[in-house]
Amino acid sequence: MSGNTFGQVFKVTTFGESHGKALGVIVDGCPAGIEFDEDFLQKEMDRRKPGAANNAAVTARKESDTARVLSGIFENKTTGTPIAIVIENTNQHSGDYSNIKDKFRPGHADFTYFEKYGIRDYRGGGRSSGRETCARVAAGAVAKMYLQKAGISVQAYTKAVAGIECKKIDYEDIEKNPIRACDSDTALEMQKKIEELRKEGNSCGGIIECVIQGLPAGLGEPVFDKADALLAQAIMSIGAIKGIEFGSGFNAALLTGKENNDQMRGDGRKVVFESNNAGGILGGMTRGDDVIFRAAVKPIPSIFLKQETVDTSRSNCDILIEGRHDICLCPRIVPVIEAMAAITIADLCLRNKASRL
């Protein structure tokens, strides 16, 4: 299997399966001398981990997701050598999947994996499981440590769930509600809807918005490695993401050029954009203001309702999925989106150092 590495300079390679012994990540290309905060690393892992109390949206699977740093750190600083981080699996219930081991789950990668490789790990999806993202969050924490030195921050939040959209954006609210919504009042409506779906055995999706602040102008390579193109690749590589838009996004198709252009003003030193329909990127390069994008999260495919499918012999059958699964991914996918955005920006920052004297 290829395609497990992302990045050109700040390179991230993940490994491991949902029900294997462990998952992990190798971060190569991280500069030496960065203060490494293991407490921050674990806090990032805790934001994504399953089994959160009093949250109807998430799976009951409980994992500590303790991140063990094996290399690349000395006296609490990065050494410039590969950073290896491992997260052990401790609460697998592999038997939950024995009744469907020969059946393809609708909405999952079961069928395509089997077609491609002729073998698949039916226990939770193996490599295609959302559990793989814990390794991304570990790498994203390292990227955030690097970006912090440059004054760059990445903040994502739930903007909509099951068609219910936040009415305001308040960063202070995000970690104060279990949905990680940017509006705690709307979060209550979201929780109510999620609880209804949980009782029905169904699931829902949502929209995550991400804001990257403190960026310099000029990050991104103008042809194939545009900043928005690489961010799109990074975010779309997350299994549950089905779409991404920057700035005004698809709404730009409804605007005139006069309406969509972000007009500029300057004072002889600094350029200010009067709007942000471009999402902070022009010609594939950051322009120095906030980069803003939104990602569409699909409903969880593992639902507790009978569905029609086929088995490995290509015969028709029914399937009823058991086990422990999320109802809505939005709360747990917020830190994953932040991680992939941070990894992308860290890589572009390091690549940009070679752009001019």
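# Chat about a buried valine and some salt bridges

Modeller: Val154 counts as buried because its relative accessibility is 12%, and the cut-off for buried is under 20%. Keep in mind that this is a predicted model.

Biologist: OK. Where does Val154 lie?

Modeller: Val154 is in strand β8, which covers residues 153-161.

Biologist: And which residues is Val154 in contact with, leaving aside neighbours within four places in sequence?

Modeller: Lys144, Leu147, Cys210, Val211, Ile212, Glu338, Ala341 and Ala342. Take Cys210. Along the chain, Cys210 and Val154 are 56 residues apart. Their C-alpha atoms are separated by 7.2 Å.

Biologist: Let's follow Lys144. Where does Lys144 lie?

Modeller: In helix α3, residues 133-149.

Biologist: Is Lys144 buried or exposed?

Modeller: Buried, because its relative accessible area is 13%.

Biologist: Which residues does Lys144 touch, not counting those up to four places away in sequence?

Modeller: Phe40, Glu44, Arg47, Val154, Glu338 and Ala342. Glu338 and Ala342 are also on the contact list of Val154.

Biologist: New topic. How many salt bridges does the count come to?

Modeller: The count comes to 27. In general, side chains of opposite charge can pair when their charged atoms come close.

Biologist: Which residue forms a salt bridge with Arg351?

Modeller: Asp225, with the closest N and O atoms 2.8 Å apart. This pair links distant parts of the chain, 126 residues apart. Arg351 is in helix α7 (residues 330-352). Asp225 is in the loop between β10 (206-213) and α5 (227-236).

Biologist: Why does Arg351 count as buried, and why does Asp225 count as partly exposed?

Modeller: Arg351 counts as buried because its relative accessibility is 19%. Asp225 is at 22%, so it counts as partly exposed. The cut-off for buried is under 20%.

Biologist: What about Asp102 and Lys101?

Modeller: Their side chains meet in a salt bridge, 3.4 Å from N to O. Asp102 is partly exposed at 39%, and Lys101 is partly exposed at 36%.

Biologist: Last one. Which residues form a nonpolar patch on the surface?

Modeller: Met1, Tyr117 and Ile119. Together they have about 330 Å² of accessible area. Tyr117 sits in helix α2, residues 110-117. Tyr117 is partly exposed, with a relative accessible area of 35%.

Definitions and conventions. Residues are numbered from 1 along each chain as its sequence is written. This is a predicted model: local features need pLDDT of at least 70, side-chain atom pairs count only at pLDDT 80 or more; totals for chains, interfaces and linings use all residues. Side-chain values use heavy atoms; hydrogens and water are left out. Helices (H or I, at least four residues) and strands (E, at least two) are DSSP runs, numbered from the N terminus. Buried means under 20% relative accessible area, exposed over 50%, partly exposed in between (1.4 Å probe, protein chains only). Contact means heavy atoms within 4.5 Å. Patches are made of residues with over 30% relative accessible area and no salt bridge: like charges are joined within 9 Å, nonpolar side chains (Val, Leu, Ile, Met, Phe, Trp, Tyr) within 5 Å. Accessible areas come from the Shrake-Rupley method with a 1.4 Å probe; for residues, only the protein chains shown count as cover. A salt bridge is a side-chain nitrogen of Lys or Arg within 4 Å of a carboxyl oxygen of Asp or Glu.
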